[in-house]
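These are my notebook entries on one structure. I set out to look up its pockets, its helix packing and its backbone exceptions.

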Amino acid sequence: MGARHRLGEAAVRRLNVLLELVVADPAAPTTVTTAGAVLRDHLADSLVALDLDCVRTAVAVADIGAGAGFPGLPLAIALPEARMSLVESSGRKCEFIGRAAGACGLANAEVVNARAEEWPAGRGRCALVVARAVAALPVVAEYAAPLLQIGGTLLAWRGRRDLEDERRAARVATLLGLEVAPPIKVEPYPGALNRHLHPIVKVAETPPEFPRRAGMARKRPLG
């Protein structure tokens, strides 16, 4: 994994610390807790995004719905020059993310205990927004659009392609100042099946009525 993504020794050490913490900490907010599964389904699956130039070059990144800290923590380790904001509404999950960031010695990671819709400090500041296992594509697009700079990219992790979800996301994108790019099939580890990254680029200002108030994107999705 380190060789594939040209990671230095310091990054590999920090990834190992993160792996060991997830395996050993009973408070880790994930059901994936064996070493092999964490390596595959959390670390490798997060780092596959490094195959994309928009990820490698981003200097201000937000992981929305960060959960246990994936993909944000591995990407913060791999991209020490980038500022990573891990946005998570659950205080319990934020506590774990903060503990993990401290254990890994990450000076470039901040934990934001808030909903993406209720983070005004993030508006228009992100070159990249990442989202893994958060919500349907149209919902994630609404969360991310106000946070992105013009030219910035939302990158959503998905499994098997859902063409109806993609069509709805394309319709929603036009309302939010976004443009959907073709999904990218990825193989984060040998034998991985049905893994895709969905890039959505911000091409115009997001209308000021977005984000809607917290919870509305899920309750009444656009499109």
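**Entry 1: terms and conventions.** I took a pocket to be an open set of points on a 1 Å grid over the protein atoms alone, where a 1.4 Å probe fits, with protein on both sides within 12 Å along at least five of seven lines; lining residues have an atom within 4 Å of a point. I noted that the model is predicted, that local features need pLDDT of at least 70 and side-chain atom pairs pLDDT 80 or more, while totals for chains, interfaces and linings use all residues. I also noted that residues are numbered from 1 along each chain as its sequence is written, and that side-chain values use heavy atoms, with hydrogens and water left out.

**Entry 2: pockets.** I looked up the largest pocket and found that 15 residues line it, with Gly65, Ser89, Val134, Tyr143 and Arg218 nearest its centre. Its space comes to about 290 Å³, where a volume is the space filled by probe spheres set on the points, and grid points are joined across faces, edges and corners. I sorted residues by class: Ala, Val, Leu, Ile, Met, Phe, Trp, Tyr, Cys and Pro count as nonpolar, Asp, Glu, Lys and Arg as charged, and the others, Gly among them, as polar. On that basis the lining of the largest pocket holds seven nonpolar, three polar and five charged residues.

I then turned to the second largest pocket, which has about 220 Å³ of space. Its lining consists of 13 residues, and Pro29, Thr30, His42, Arg132 and Ala133 are the ones nearest its centre. Six of the lining residues of this second pocket are nonpolar, five are polar and two are charged.

**Entry 3: helix packing.** I used helices (H or I, at least four residues) and strands (E, at least two) as DSSP runs numbered from the N terminus. Axes are lines fitted to C-alpha atoms, for helices over the stretch in contact, and angles run from 0 to 180 degrees between N-to-C directions. Angles under 35 degrees count as roughly parallel, over 145 as roughly antiparallel, 65 to 115 as roughly perpendicular and the rest as oblique. A crossing is left-handed if the near helix is turned anticlockwise from the far one by less than a right angle, and right-handed if clockwise. Contact means heavy atoms within 4.5 Å.

I began with α1 (residues 9-24) and α5 (residues 91-103), whose axes come within 9 Å and cross at roughly 140°. The two helices are therefore oblique to each other, and their crossing is right-handed. Val17, Leu18, Leu21 and Val22 of α1 meet Phe96, Arg99, Ala100 and Ala103 of α5. This contact has seven nonpolar residues, no polar ones and one charged.

I next checked α1 against α2 (residues 35-47): the axes come within 10 Å and cross at roughly 130°. This pair, too, is therefore oblique, with a right-handed crossing. Leu15, Leu18, Leu19, Val22 and Val23 of α1 make the contact with Ala35, Val38, Leu39, Leu43 and Leu47 of α2. By class I found 10 nonpolar, no polar and no charged residues there.

Finally, α6 (residues 137-144) and α7 (residues 163-176) pack at about 25° with axes 8 Å apart, which makes them roughly parallel.

**Entry 4: backbone exceptions.** Most residues other than glycine have a negative phi, and most peptide bonds are trans. I found a cis peptide bond between Phe70 and Pro71, with omega about 15°; Pro71 sits in the loop between β1 (60-64) and α4 (72-78). Another cis bond runs from Phe210 to Pro211, with omega near 5°, and Pro211 belongs to the loop between β8 (196-202) and α8 (216-219). Arg6, in the segment before α1, has a positive phi near 55°.
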